[in-house]
Amino acid sequence: MSPALRSLFSRSLPLVAVALLAGCAVAKPRTDDPHEKFNRSMFAFNNSLDKAVIRPVAVGYRKVTTEGIRRSVSDFFTNIRLPITVANDLLQARPKEAAQSSGRFIVNLTFGLGGIFDPASQLGIPLDETDFGVTLARWGVPEGSFLMLPFLGPTTMRDVWRTPVDGYFFDPLSYFARNNSYEYGQEYLPQVLYLITLRSSAIDAESFLNSAYDPYAFIRDAYRQQRLYMIYRGNPPEDVIEQMQGLKDKNFNPDELLEEQQKWQNQQPPEQPTQNPPKKQ
């Protein structure tokens, strides 16, 4: 699996954006989607692939592991990928943040037994994540059109560049795979486990997508909102938030949006109760 392909699969999981955006406010569906017809077809393809292959593997992973094991595995991958954040902090001319993330990486790598534990958080060193898409935004590159690509999932004309740049130059998992060769391609196992970990963590957020009356529009807007919060380090200006949520549009009525959502929910068939198997006599 090439670095670019690994990065593609890492964002082929549409629910990751939902998990990251679970607490955001309701926003008006966006209309600036010139490639919507293509995007919807790619969304359907990715969703089918997820249901057929990726989700079953993630569900199996959750069944054979405990919550503590999954948390340790997730902490390891979060820490081992911090060089991506450090490199982009430097490219964004943020030396303080780069030093902070470097310190977190070293503390968890040493005192956290390779990163399976997170002593850095207990020491008050916060986790900060950024990437090359945010770097481009930092220096004024426009967002561009929204794209839903096969395997890659939600992205934009600007964010798509983080796949080759972060995936090839800054990702330690990619570096390990390129510089090692084992029988049966075992050098790619860390990348595969990382993808399974990502998808597993998103299962708990599936209800957000399942309750949306337009899952594609929900994912599209959730992705763009989540990226906006990353660009502004979790604190976007008030006017940017208002524009994002459509509050400056005189024709936007959030009550109407919620009413459409409720109508859609009322039209859905009720869930059938799961029947318990008969007890053995």
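**Note on salt bridges, a buried helix and nonpolar cores**

1. Helix α3, spanning residues 36–64, contains both Arg-40 and Glu-36, which stand 4 residues apart, about one turn of the helix. Helices here are DSSP runs of H or I with at least four residues, strands are runs of E with at least two, and both are numbered from the N terminus. The side chains of Arg-40 and Glu-36 meet in a salt bridge, at 2.8 Å from N to O. A salt bridge requires a side-chain nitrogen of Lys or Arg within 4 Å of a carboxyl oxygen of Asp or Glu. Arg-40 is partly exposed because its relative accessibility is 32%, and Glu-36 is partly exposed at 30%. The classes are buried (under 20% relative accessible area), exposed (over 50%) and partly exposed (in between), with a 1.4 Å probe and protein chains only.

2. The model is predicted: local features need pLDDT of at least 70 and side-chain atom pairs count only at pLDDT 80 or more, whereas totals for chains, interfaces and linings use all residues. Residues are numbered from 1 along each chain as its sequence is written, and side-chain values use heavy atoms, with hydrogens and water left out.

3. The salt-bridge count comes to 17. Side chains of opposite charge can pair when their charged atoms come close. One of these bridges joins Arg-81 to Asp-171, with the closest N and O atoms 3.1 Å apart. This pair connects distant parts of the chain, 90 residues apart: Arg-81 is in the loop between α4 (67–80) and α5 (82–91), and Asp-171 is in the loop between α9 (162–170) and α10 (172–178). Arg-81 is partly exposed at 22% relative accessibility, while Asp-171 is buried at 1%.

4. Asp-131 and Arg-227 form another salt bridge, their closest N and O atoms being 2.8 Å apart. Asp-131 is in the loop between α7 (119–122) and α8 (132–138) and Arg-227 is in helix α13, so the bridge ties together parts 96 residues apart in sequence. Asp-131 and Arg-227 are both buried. They belong to a salt-bridge network that also links Arg-158, Asp-159 and Arg-162.

5. Helix α13 covers residues 215–231, 17 residues in total, and reaches 24 Å from first to last C-alpha, close to the 24 Å expected at 1.5 Å a residue. That expected span is 1.5 Å times one less than the number of residues. Of the 17 residues in α13, 14 are buried. Arg-233 follows α13 and has a positive phi, near 55°.

6. Gln-92, in the loop between α5 and α6 (95–110), is buried with a relative accessible area of 0%. Its side chain makes a polar contact with the side chain of Arg-94 at 3.2 Å. A polar contact is a pair of N or O atoms within 3.5 Å; within protein, one must be able to donate a hydrogen and the other to accept it, and residues adjacent in sequence count only if both atoms are side-chain atoms. Leaving aside residues up to four places away in sequence, Gln-92 touches residues including Asp-131, Trp-139 and Arg-233, contact being heavy atoms within 4.5 Å.

7. The largest nonpolar core has 11 residues, among them Tyr-61, Phe-77, Phe-105 and Tyr-194. Helices α4 and α11 (189–202) each supply at least two residues of this core, and α11 gives the most, with 4. A second, separate core of 8 residues includes Met-42, Phe-43, Tyr-216 and Tyr-223. A nonpolar core is a set of buried Ala, Val, Leu, Ile, Met, Phe, Trp, Tyr and Cys residues joined through side-chain atoms within 4.5 Å.
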